[in-house]
Amino acid sequence: MIKNCCFLLLSLLFINCGDTSITIDETTVFRYNEHANITTLDPAFAKDQRNIWACNLIYNGLVKLDKNLEIVPDLASEWYISEDGLVYTFQLREDIYFQDFDAFAKARQVTAQDFKYSLERLTDPAVASPGAWVMSNVAAINTIDEHQLRITLKKPFPAFLGLLTMKFCSVVLPEAVEKYGNEYRSNPVGTGPFYLKRWEENVKMVLRKNNNYHEKDSTGKALPYLEAVAITFKSDKQSEFLEYAQGNLDFINAIDPSYKDELLTTTGDLKAKYVSTTNLVKAPFLNTEYLGLYLDSSTPELQSKLLRQAINKGFDREKMIKYLRNNIGIPATSGLIPAGLPAGGVVKGYEYDIHEAQRLVQQYITETGDINPEITITTGANYLDLCEFIQKELEKIGVKTIVEVMPPSTLRQARSAGNLDIFRSSWIADYPDAENYLSLGYSKNFSPNGPNYTHFKNETYDQLYEQALTLPNATDRKELYIKMDSIIVSEAPIVPLYYDESVRFISKKVSGLETNAVNMLDLTRVNKTN
């Protein structure tokens with residue numbers, strides 16, 4: 001109890017430091033821990049969840065994703081796309097102001113020139129943004145007037161609006177960027193619901209309510225409801241869980257092996273002792289976990305579609321998820337495209353069938369004379385349990401399986417170089433379009449120059465992929481996406497394991513905290529009670 005009180009006192013002192021005229025009610029402060037630490041508040045470098053979440057609280061873009069992954073207006077009130085799919089014209093809202101900035105007398109209105117500056121900054125070699133690729137298909141960015149922006153593409157790309165929802169594409173205040181240079185990372189100025197009040201690196205960050213924020217709720221009340229967000233940086237996930245259990249944090253994201261059995265039953269339900277204090281929220285997350293099979297390998301087992309299909313049928317995904325993941329995740333009995341996207345879960349994939357898997361292995365042996373088929377799966381330590389489960393199951397169908405463990409960075413390098421026969425991997429969508437997943441099967445994307453790590457090549461697939469890029473209508477693209485996913489299933493260059501789910505444990509004191517399939521943290525409409 002003493003520890004808990006000290007934490008609350010520290011929280012209040014931290015928030016009020018330098019702002020002693022304001023007393024903040026603890027129920028208006030949302031508290032969470034970022035175990036991976038936040039490294040920058042510059043959206044040009046918001047490439048991973050820890051920084052994306054923080055930047056989402058401070059910045060806005062032209063468009064954003066709602067809870068159903070629909071692209072909706074953010075700072076653009078409307079937009080128009082030319083018939084040839086090359087020109088995107090955005091009309092900006094005229095009631096948007098940047099957050100207060102100490103170096104300037106008055107927070108000023110956002111203009112089309114600010115967006116032009118922010119988007120072109122992504123491709124500036126001096127900035128070296130990891131988000132530069134988002135603008136790789138952009139031929140020109142022009143301002144029509146103070147509140148109209150025109151983006152012209154080099155070639156049609158129907159998923160371009162989805163790219164613009166990424167935090168890379170947030171609008172920044174040019175004067176602040178020019179003033180602070182490399183130190184802009186810790187001196188951010190955006191238009192979002194919160195602004196940076198204080199950042200003690202590696203310890204804590206405090207964001208305060210932006211009184212210039214433009215959104216209102218359905219009753220006309222100004223958003224956000226919260227006065228502040230307090231973020232700690234405890235690296236130990238067990239400590240993070242203990243802080244939550246003691247009431248010092250308002251939510252924890254994801255489930256860690258160190259406490260999963262404390263919180264969840266084997267069927268993935270919340271244990272009884274936490275039901276009165278915690279809401280468990282699970283939602284589809286745009287991430288497909290899979291085994292990739294390198295088809296340019298000289299290993300004969302990988303050249304056989306029979307054996308690739310046998311591997312797909314040779315283990316029970318539902319059992320694997322239940323016992324190794326506490327039912328967090330959806331067994332991947334469809335194709336590459338995950339649940340949560342319109343084309344996801346449509347194609348019939350592989351289900352566990354030990355007898356059919358054994359038959360396919362025997363057919364392979366008969367046709368090739370290889371009486372002792374053997375494969376090697378390479379994985380990182382975090383997924384060793386999954387791969388060992390698959391190893392034991394495949395040996396039951398007559399396929400000897402070796403599991404090798406590599407550090408994640410080494411594994412990524414070896415995968416890209418084509419040095420691994422079978423590798424455990426995942427693909428998290430950068431933007432909400434199935435094209436993002438299907439690019440893994442396009443032959444012009446062969447690694448190391450692209451994400452086709454399996455070196456899968458199919459002429460029909462390539463034609464469908466290229467055709468889809470010319471279709472502005474999402475329904476038309478969906479039909480082609482389903483055909484491509486069917487080819488992936490039939491040819492089996494991958495072994496889908498499961499489609500991930502986001503998992504949040506949220507205090508019952510919190511309301512209005514929604515999620516979507518990209519697991520965004522949006523605190524704009526969050527409320528707290530005692």
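Trainee: How do the residues that line the second largest cavity divide into nonpolar, polar and charged?

Mentor: Start with the general idea. Rolling a probe the size of a water molecule over the atoms shows where empty space is left. Keep in mind that this is a predicted model. In this case, the lining of the second largest cavity has six nonpolar residues, three polar ones and no charged ones. Helix 16 and strand 17 (494–507) are the elements that give two or more residues to that lining.

Trainee: Which residues line the second largest cavity, then?

Mentor: Look for N312, S334, G335, Y350, I488, V489, A492, I494 and P496.

Trainee: How many cavities of 30 Å³ or more does the structure hold?

Mentor: Two. The largest cavity has a volume of about 70 Å³. Its lining is made up of Y290, L336, L440, G441, P451, N452, Y453, T454, F456, I488, P493 and I494. By class, that gives nine nonpolar, three polar and no charged residues.

Trainee: What about pockets? How much space lies in the second largest pocket?

Mentor: About 680 Å³. It has 30 lining residues, and I71, P432, D433, A474 and R477 are the closest to its centre. Here the lining does include charged residues: there are six of them, along with six polar and 18 nonpolar.

Trainee: Which element supplies the largest share of that pocket's lining?

Mentor: Helix 16, with five residues. Strand 4 (76–81), helix 4 (160–164) and helix 16 (474–491) each supply at least two.

Trainee: Helix 16 keeps coming up. How do I read its packing with helix 15?

Mentor: Two packed helices are described by the angle between their axes and the distance between the axes. For helix 15 (residues 459–468) and helix 16, the angle is about 160° and the axes are 9 Å apart. That makes helix 15 roughly antiparallel to helix 16, because angles over 145 degrees count that way. The crossing of these two helices is left-handed.

Trainee: Which residues of helix 15 and helix 16 meet?

Mentor: On the helix 15 side, they are T460, Y461, L464, Y465, Q467 and A468. On the helix 16 side, you'll find R477, L480, Y481, K483, M484, I487 and I488. Sorted by class, the contact has nine nonpolar, two polar and two charged residues. R477 is also one of the residues closest to the centre of the second largest pocket.

Trainee: At what angle do helix 9 and helix 11 pack?

Mentor: About 160°, with the axes of helix 9 (residues 305–313) and helix 11 (residues 354–368) 8 Å apart. Helix 9 is therefore roughly antiparallel to helix 11. Their crossing is left-handed. Helix 9 brings L306, L307, Q309, A310 and K313 to the contact, while helix 11 brings I354, E356, A357, L360, V361, Q363, Y364 and E367. Those residues divide into eight nonpolar, two polar and three charged.

Trainee: Let's finish with the backbone. Where is the peptide bond to P224 cis or trans?

Mentor: Read omega: from L223 to P224 it is near 0°, and the bond is cis. P224 sits in the loop between strand 9 (204–209) and strand 10 (228–232). Another cis bond joins S447 and P448, with omega about 10°. You'll find P448 in the loop between helix 14 (435–438) and helix 15.

Terms used: Residues numbered from 1 in each chain as written. Predicted model: local features only at pLDDT ≥ 70, side-chain atom pairs only at ≥ 80, totals over all residues. Heavy atoms only, no water. 1 Å grid on protein atoms, 1.4 Å probe; cavity = no way out; pocket = protein on both sides within 12 Å on 5 of 7 lines; lining within 4 Å. Points joined across faces, edges and corners; volume = space filled by probe spheres on them. Helix = DSSP H or I, 4+ residues; strand = E, 2+ residues; numbered from the N terminus. Nonpolar A, V, L, I, M, F, W, Y, C, P; charged D, E, K, R; others polar. Axes fitted to C-alpha atoms, helices over the stretch in contact; angles between N-to-C directions. Parallel < 35°, antiparallel > 145°, perpendicular 65-115°, else oblique. Left-handed = near helix turned anticlockwise from the far one by under 90°. Contact = heavy atoms within 4.5 Å.
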